[in-house]
Amino acid sequence: MMPKLRAKQLRNAAFYVMVVLMAALTLLPFLFMLSSSFKGSEAIRTIPIRWIPERPTLEGYIRVFNMPGFSFGRASLNSLFLALATTLVQVLSACMAAFVFAKLPFRGSDKLFGLYLATMMIPGTVTMVPNYIILRIMGLLDSYTGLILPALANAFGVFLMRQAMITVPDSYLESAMLDGASLYRVFFVILLPMVAPTFFTLVLLAFMGAWNSYLWPLIVLTSTGKQTLQVVLGNMNSMYRNNEHVLMAGAVLTILPILLVYVLSQCRVDSGIALGGLK
Amino acid sequence: MYLPNANTRRTATAVFLAPSLIGVAVFCLLPIAMSFYYSFMDYDLLAGSMDFLGLKNFARILTGREFPQVLLHTLTYLGLYLPLILLCSLGQALLLNRSFRGRAVLRTVFYTPVITSWVAAAVVWTWVLSGHYGLMNQALSLFGIKGPAWLSSRVWAMPGIVITAVWKDTGYYALMVLAALKSIDPALYEAAGIDGAGGARKFFSITLPLLTPTLFLLVVINVIYGLQVFDSVLIMTDGGPGGATTVFLERIYKYAFRQYKMGMASAYSWILFIIILAFTLLQFRLQKRWVNYDA
């Protein structure tokens, strides 16, 4: 009996060692960031690392909000507005199209759906350059409308929502219509609430994607007043090469909001991603 | 779904489909056609000139000195990233597959790098990888290893980017592996246990073979994304030092938006697309050799 118990304990110990190791590898860069952000430019350069700053200072944060040339606060508001607007456009258009594919099929709709799926395979690289030129022709460069509009094309969202809507029985929707509800009412008041978990998953994926996106805003928005948080942080990286505490303060402020959103909604995203299995 | 009025149905279909369909047509299908057209042109956006070149863009790229370098760097990234990401996400998923106190917290912890933006991750890791005072080299020195000045070294810049990418992406792919682990029938393990199989035997004879479809998916997805590595490179090294980390998307970005050579950029992205397509097709060819589909 004894050796068996011993072996089990040993295995358990090994398991917890692995857990702690993996968690530490994941978290240490964040702690390093957090710790550096509360130090001065001298104090960040110590060997060994002082995890708790000797003289904690907000200098990094103050400098982030007083950068010459561009405003971090303004960029945060820009990012928030853009993320919300992009999410709205992307989710609404995807849900509406998914409704047609799931509940109002027409001749050739399955072929059209196949075309949607095929567009998911085209790398963003190929469409990036012409999309820029299309916005240029439309006169929408350096505008939020131009930045948001391509979000209308979201094959993944359509796919995700269609799979959910197809599981809702037609009879629910039809009986509501017999009671006199319009099709639009049925869509918003009956169908969407019935696919709420998938809907919120898509909302979160869209919001996180929009908040974190870098390349597209970098290309489209040129005036500094319109730039997003990610672009500003990217610019800071080359300007503050030797003031890492300022950079780390900027990184903390960029990560915190999305981390908050994630933690508040955690269960829903996780299950949804496992379900979707795609970025 | 049945609608009594055919007219209502037609109108509703049009209204509901329009935003998405216009979006796909204007920002997805039209760009593909345009990009194809531009790839045969000498299109200077600043000068506004467009001249037909035929296949000269492609010839210039494929015969230039830059292309083999770019291909080599991208494949180096992929070659380092792929085994590491598979191993790490498998490891993380195995840890999360056991029930223990604090598992929910651990899941959140593992997922934090995923929700962090690439810009923030790259900014943080530039500091983590800095030569003297960075976390990485201070940690290595605990084991008596003198770490390189990662991002300013021609040799170590790419591994530095790879480590960052693995740190950032593991939590995401671990969830996919975890979902696959959960779908394995526990009866298989019980039966193997009765037959006297140990932990290692169970892992290699049951878990791993049944995971191969998911691992295959992971390889396919990661090759597609890996060949398009960009944000990390642009922020951490900008293709340097001395061009040691130039990759496809970084080149395309610079041709298009630093030099405004839209034709060259388009041709480059089609070459990349063909490389991605070739890799993907090749993997589907090879999958019979290692992927197990009989559950």
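**Backbone geometry, chain architecture and contacts in a predicted two-chain model**

B:Tyr260 is located in the loop that connects α11 to α12 (262–290) in chain B. The model is a predicted one. Phi of B:Tyr260 is near 55°, a positive value for a residue that is not glycine. This residue is classed as partly exposed because 15 C-beta neighbours lie inside 10 Å of it. A positive phi is also found in chain A, at A:Asp142, where the angle is near 60° and the residue is again not a glycine. A:Asp142 is placed in the loop between α5 (124–137) and α6 (144–148) of chain A. With 14 C-beta neighbours inside 10 Å, A:Asp142 counts as partly exposed.

A cis peptide bond joins B:Gly240 to B:Pro241, and its omega is near -5°. B:Pro241 belongs to the loop between α10 (231–236) and α11 (248–257) of chain B. Another proline of this chain, B:Pro83, is part of helix α3 (residues 66–97). B:Pro83 has 11 other C-beta atoms within 10 Å, and since a residue with 12 or fewer is exposed, B:Pro83 is assigned to the exposed class. Between B:Pro83 and B:Phe284 there are 201 residues of sequence separation and a C-alpha to C-alpha distance of 18 Å.

The secondary structure of chain B consists of twelve helices and two strands, in the sequence order α-β-β-α-α-α-α-α-α-α-α-α-α-α. The radius of gyration of chain B is 24 Å, whereas the globule rule gives 19 Å for 295 residues; the value is well over the rule, so the chain is more spread out than a compact globule. The C-alpha trace of chain B spans about 75 × 75 × 35 Å along its principal axes. Buried residues make up 38% of the 295 residues of the chain. Of the contacts in chain B that link residues at least 6 apart in sequence, 70% are between residues at least 24 apart.

The two strands of chain B are β1 (residues 41–44) and β2 (residues 49–52), and they pair in the antiparallel sense through four bridges. In this pairing B:Tyr43 is opposite B:Met50 of β2(B). The strands β1(B) and β2(B) form a hairpin with four residues between them. Within the turn, B:Gly48 has a positive phi of about 75°.

Chain A is divided into domain 1, which covers 1–67 + 244–270, and domain 2, which covers 71–239. The centres of the two domains, taken over C-alpha atoms, are separated by 32 Å. Their contact takes twelve residues from domain 1 and 15 residues from domain 2. On the domain 1 side, α2 (59–65), α13 (244–264) and α14 (266–276) of chain A each supply at least two residues. The largest share of this side comes from α13(A), with six residues. By class, the domain 1 side has eight nonpolar residues, three polar and one charged.

The contact between the chains takes 73 residues from chain A and 67 residues from chain B. Helix α1 (residues 2–37) of chain A gives the most to the chain A side, with 13 residues. That side is made up of 53 nonpolar, 14 polar and six charged residues.

Notes
Residues numbered from 1 in each chain as written. Chains lettered and ligands numbered in written order. Predicted model: local features only at pLDDT ≥ 70, side-chain atom pairs only at ≥ 80, totals over all residues. Buried ≥ 20, exposed ≤ 12 C-beta atoms within 10 Å, placed from the backbone. Contact = placed C-beta atoms within 7 Å. Nonpolar A, V, L, I, M, F, W, Y, C, P; charged D, E, K, R; others polar. Pairing = 2+ DSSP bridges. Rg over C-alpha atoms; globule rule 2.2 N^0.38 Å. Domains from an automatic or database assignment.
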